[in-house]
Amino acid sequence: MRIRLLGPVELRTGAADFTALPGAQRRAVLALLALRLGRVVTVDAFCELLWGEWPPASARAALQGHVAALRKALAATPFVLHTRAPGYLLTGPSDEVDALRFEALAGRAAGHAGRHDGCAGAAGCADPDGCAGCAADGAAVAVLEEALRLWRGGALADLPDTAPRRALVEQLDQVRTRVLIAWAGLRLRQGSGAAAVPLLEQSVRADGLREEVVALLVRCLHQGGRQADALAAYHRARTRLDGELGIRPGPALQAAFAEVLAGGGGAPPAPRRSRPAGPAPTTPGPGRPAPQAHPVPDQLPRRPVDFVGRETELQWLDRLTGPDRADDGPALVVGPAGVGKSATVLTWAHRAAGRFPDGRLFADLRGFDPDGPADPAEVLGRFLLALGVPASEIPPDGAGRAARYRDRTHGRRLLVVLDNALDAEQVGDLLPGGAGCAVVVTSRGSLEGLLVAEGAALLRLAPLGEADALRLLERGLTPARVRAEPAAAALLAGLCDRLPLALRIAVARLAARPEWTIAELADELADERTRLGALEADGVAGVCEALELTYRHLSLDATLLFTLLAAHPGREVDTTASAALLGADPAHARDTLGELVAHHVLAETAPGRYGRPGLVRLFGVQLLTETPEGFRRIGTERLLDYYLEAAHHCGEQLEPGQDRYGEPVHPPAALPTAAGTRGALDWFAAEEPAIRALVTATASTDPGRSWRLAAAACPLYYGSSRFTDWLDCLRAGEQAARACGDRVGLALLHGAVANALLGLERRQEAVEVARRAVEDTTPADGAAHLRALATLALASALTGDPGEATRLAATAAALAGEGGDPRHLSYALGYQAGVSLLAGDGAGALRQAREARALLPGRPASSIQLWSMLTEAQALQALGRYEAGELAWHRVLATCEEAGLLHLQALAEQYYAAFLVDRGREPEAVGRMRSALGRLRSCGHLAGATSERAAAIEEALNARAGRMP
C-alpha cells in the first residue's frame with residue numbers, strides 16, 4: 001500500500017514506513033487525486049476542497065505549488081501525476097490506494113454471496129460439512145474483514161474542514177457502514193455474531209442513530225449471551241431516536257428487541273432438512289406447484305392531466321424505444337428547470353406502457369433536491385423488491401445489488417424511467433441488463449458522461465411553442481377566456497418564457513381570481529422587479545425555487561459568472577465579455593460558460609455566443625442585488641472597460657487612430673477578433689443593444705466610462721448605418737458627460753450627434769448642434785474642435801450655405817495640418833472634399849479627396865477612405881472625365897460591398913445611377929436605383945423607406961417606369 005486515506009493521509013515513497021506529507025492542503029490535493037485515480041480532477045474541485053466557497057486570488061498559484069511538490073514526492077512510487085485540462089490526473093495501481101482497495105474488496109465480497117437453499121447458515125445447515133452457501137459466506141467474511149482492517153480511524157482525518165471534504169468523508173463512511181453491516185450479518189448467520197460486537201459498538205458510538213447497525217449490535221450481543229447489554233443498547237438507541245429525531249424505533253430495531261425478549265438464538269430460524277440426492281425437479285408434477293411467474297411492477301406516477309403538445313418529442317421517444325431497437329443506449333431528455341421533462345416522459349411512458357409487458361420501473365433520483373440526491377443503492381433495493389427479490393436476498397452493498405439487478409432484468413422487456421438525475425455516475429448502476437429493456441433518463445444537466453459511456457441518445461427539451469403555450473392556458477382557463485384576450489394571452493406566455501411550470505402558476509393565479517383579466521396579470525408580470533415573485537405558488541416549487549436548486553449545483557466560478565452576467569444588459573453574451581466579467585482568460589471563461597450551458601441556464605445560440613431566457617436573467621439580477629455593493633460595482637466596471645476596449649479595437653477598422661480618452665482600470669484579458677471592417681461590423685451588430693443599454697444604465701452611476709463608451713462606438717454606429725440607435729446612445733452619453741462636467745467630452749458627443757442627424761436627413765438640426773459644439777471648444781481641444789468644425793462645414797453645405805461651409809472646411813483643414821496628425825488631416829480633407837463638391841469646385845474636391853486617401857494608404861475600407869473615394873468619383877464625373885469616373889465608381893462600389901457599409905453603398909449606387917443616366921444607360925441606372933433603395937430599406941435603423949433619400953429614389957423610379965421597354 002502506497003497511499004493511505006482511511007485515517008490520516010499518508011504516503012509511502014520507498015521501503016520505509018508511511019509518512020505524513022507536510023501541509024494539510026498538500027495532503028488534500030493528494031487525497032482527491034487518489035480517490036479519483038485515473039480521472040481528471042478539475043482545478044475548481046481542488047479549490048473548493050482546499051478553501052471552500054471563497055478561494056483566495058492566489059489559489060491557482062498555490063495549487064500549482066502543491067502539484068509540483070507532489071510530483072517530486074511521487075517520483076519513487078508507481079504513481080504519475082499528469083496535467084490534463086481542465087486540471088490534473090493521477091495514474092497508477094488502484095490496489096496501492098487503501099480507499100480504492102477497500103471498495104474493490106467490498107465488491108469481491110458481494111461476488112461471494114452464498115445461496116442458502118433452506119439453511120440458516122453454519123449454525124443451522126443441513127449438510128454436516130457445510131453447504132456451498134456457507135462456504136461462500138466464510139470466504140465473504142474473510143474478504144470483508146480484510147477490508148475493515150484497512151481503516152485506521154476517521155477517513156481523511158487531517159485535511160482542511162471544508163464542505164467537499166465532509167462530503168467525501170460521508171461517502172467513505174457510508175461504504176464502510178454498508179461493509180460493516182454485511183460483515184456483521186454474515187457473522188450473525190454463522191453463529192459468531194459476538195466477534196462483530198467491538199466494531200459494531202465503535203460504529204454506534206460514532207453515530208447511534210443508524211438503526212440497522214444498532215439492530216445488528218443488539219442481535220450480536222444477544223447471540224453472544226449478553227442479553228442485558230443487548231437490551232441496554234436498544235434502550236439507548238430508542239432514547240436517542242426520541243430525543244433527537246422525535247421518532248420511534250423502526251421495524252428492524254423493534255424486531256431485534258423482540259428477538260431478545262423471546263430468547264431466540266439471534267440467527268434467522270430455518271427448518272433442518274436433508275439435501276436431496278439428485279437435482280431438484282424443475283417441471284410441475286402431481287402435488288408440486290408450478291413455478292411462480294415473475295411479478296409485473298408498475299411504478300409509474302399518474303399521468304400528467306394538463307399536458308399539451310410535444311408530439312415531435314413523443315415520436316422521438318417512440319422511435320428510440322421501438323421494437324426494432326437492438327441494445328441501444330438510454331434515451332436522455334434534458335432541459336432547464338420547469339420546461340416539462342418529467343411530464344413529457346411520463347406522458348410517453350403511459351402511452352407506451354403496453355409495449356413493456358414485464359413492467360415499468362420508476363425512480364425520482366432527486367438530483368437537484370435540497371436534501372441531496374437519491375442513493376443508487378437504495379433505488380436498486382426498491383427495484384429488486386418490485387422485481388420479486390425477497391428482502392432477505394437483496395445484497396447489502398451497491399455493487400452486489402447492481403449485479404443482482406442486471407441479472408434479474410436480463411431477458412425481460414422492461415421500461416425504466418430515471419427522473420431528475422444528477423450526473424452519469426448516479427445513473428450507471430441503475431441501467432438494466434439485456435437488450436429488451438428501455439431506459440429513459442431526465443436531467444437538468446447534460447450528462448455527457450452518459451453519452452460517452454453508454455451511447456445515450458440526447459433530446460434537449462425547449463420551451464413550448466407559442467400555439468402550445470396558448471393551449472396550456474386554455475386548458476386551465478377555458479378557451480373562451482383566452483380567446484377573448486388573444487394579445488394579452490400571447491404576452492403572458494412570453495413573459496413566462498413559455499415554460500410549462502411558469503404557465504401553470506399563471507393559470508393557477510388567474511383561476512383563483514376569476515375577476516382578473518389576463519391583461520392585468522400580464523401587466524403585473526411585465527414589471528421585471530416583481531415578475532419572479534409573481535410566479536410563485538403555495539405548496540409547489542415556483543420558478544425561483546427551481547432555479548435556486550440548479551444554482552446550488554454550480555461550481556464556484558460558474559456561480560460567480562452567473563451572478564455577474566446580471567450586470568450585462570444584453571440578451572446574449574460572448575466568451576470575451578464573460579472572461580472580462582470573471583477577470584479570467586477566455587479558455588477558463590469558455591469552460592465556465594460550458595458548465596452553465598450543461599445546466600441549461602444558458603444556451604449557446606452560436607459558436608461563442610450565449611443567450612439567457614428572461615426568467616433566468618431576472619433570477620441572476622435578484623442574486624446580484626443580494627451581493628455587496630463593491631462586488632456589483634467591480635462587475636459593471638469590468639464590463640464597461642471591456643466594451644470600451646472592444647469598441648475601440650473594432651472601431652479602428654473603420655476609423656484608424658481614434659483618441660482613447662483614458663486607459664482602462666480593468667484591462668480585459670482578450671478582445672473580440674475583428675477580421676477587417678466586415679468582421680468589426682458583425683461583432684457590433686451582435687453587441688450594439690448591450691452597448692447602448694450599458695451607456696444608458698451607467699450615465700449617472702459611472703458617467704466617465706459611460707460617455708467614453710458612447711464616443712468609442714461612433715465609428716461602428718456610422719459604419720453600420722444605425723443612425724437612430726446611434727442618436728439614442730449619444731443622447732445618453734451627453735447626459736453622462738454633463739454629469740461628470742466634462743466639457744470636451746460633451747462637445748465631442750455634440751459633433752457626433754450632428755453627424756447622426758445628417759444620416760437621418762435632419763440637416764438643420766445638425767447645423768445647430770454642430771455650431772454649439774464649435775462654440776463650446778477651442779483649437780486647443782484638438783479632435784473635439786476639429787471634428788465639430790468639419791461637421792458644421794458639411795452640414796452648412798447641405799443646407800445651402802456654400803460660402804460659410806467652404807470657410808469652415810478650410811479652417812478645419814488648416815488646423816489639422818498644423819497639428820501634424822495624418823489621421824486628423826485625412827478626416828478634415830475628406831470633409832473638405834465633400835464641401836468643395838457641393839460648392840461646385842470639382843477640381844478642388846478631386847485634389848482634396850485624393851490627398852485624404854493618400855494619408856491612410858493601408859486602410860482602403862475605412863469610413864473616411866470610402867467617403868473620399870465616393871467624392872473622387874463624383875468629382876471626376878463633374879469634370880467630364882467619364883472613363884476615369886467609371887473606374888472610380890466600380891472601385892468604390894466594390895470596396896463598399898467588401899466592407900459591408902450599407903449606407904455608403906446605397907449612396908454610391910444612387911450617385912452611380914445618376915452617372916449612368918448622364919451616359920444614356922437608362923436600364924442600368926434603374927437597376928442601380930432599385931439596388932440603392934433595397935439597401936436603404938435594409939438599414940432598419942435609418943428612417944427607412946420614409947427617408948427623403950428613399951422617397952427621391954422611388955420618385956425617380958416611378959418617373960422612369962413609363963419609359964422603360
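**Figure 1. Ser203 sits in helix α7, which spans residues 197-206.** Helices here are DSSP runs of H or I with at least four residues, strands are E runs of at least two, and both are numbered from the N terminus. This is a predicted model, in which local features need pLDDT of at least 70, side-chain atom pairs count only at pLDDT 80 or more, and totals for chains, interfaces and linings use all residues. Residues are numbered from 1 along each chain as its sequence is written, and side-chain values use heavy atoms, with hydrogens and water left out. Is Ser203 buried or exposed? Its relative accessibility is 10%, so Ser203 counts as buried (buried means under 20% relative accessible area, exposed over 50%, and partly exposed in between, with a 1.4 Å probe and protein chains only). Setting aside residues up to four places away in sequence, Ser203 touches Leu180, Arg210 and Val213 (contact means heavy atoms within 4.5 Å).

**Figure 2. Arg590 belongs to helix α26, residues 586-598.** With 44% relative accessibility, Arg590 counts as partly exposed. Which residues does Arg590 contact, leaving aside its neighbours within four places in sequence? They are Thr575 and Tyr610. Look for Asp574 as well: Arg590 and Asp574 are 16 residues apart in sequence, and their C-alpha atoms are 9.3 Å apart in space.

**Figure 3. Helices α37 (residues 822-838) and α38 (residues 842-854) pack with their axes 8 Å apart.** The angle between them is about 160 degrees, taken from 0 to 180 degrees between N-to-C directions, with axes fitted as lines to C-alpha atoms over the stretch in contact. The two helices α37 and α38 are therefore roughly antiparallel (over 145 degrees; under 35 is roughly parallel, 65 to 115 roughly perpendicular and the rest oblique). Where do they meet? Ser826, Leu829, Gly830, Gln832, Ala833, Ser836 and Leu837 of α37 meet Gly844, Ala845, Gln848, Ala849, Glu851 and Ala852 of α38. The residues of this contact divide into six nonpolar, six polar and one charged (nonpolar: Ala, Val, Leu, Ile, Met, Phe, Trp, Tyr, Cys and Pro; charged: Asp, Glu, Lys and Arg; polar: the others, Gly among them).

**Figure 4. Two cysteines, Cys47 and Cys650, are buried.** The relative accessibility is 9% for Cys47 and 0% for Cys650. How many disulfides are there? The count comes to zero, where a disulfide is a pair of cysteine sulfur atoms within 2.5 Å.
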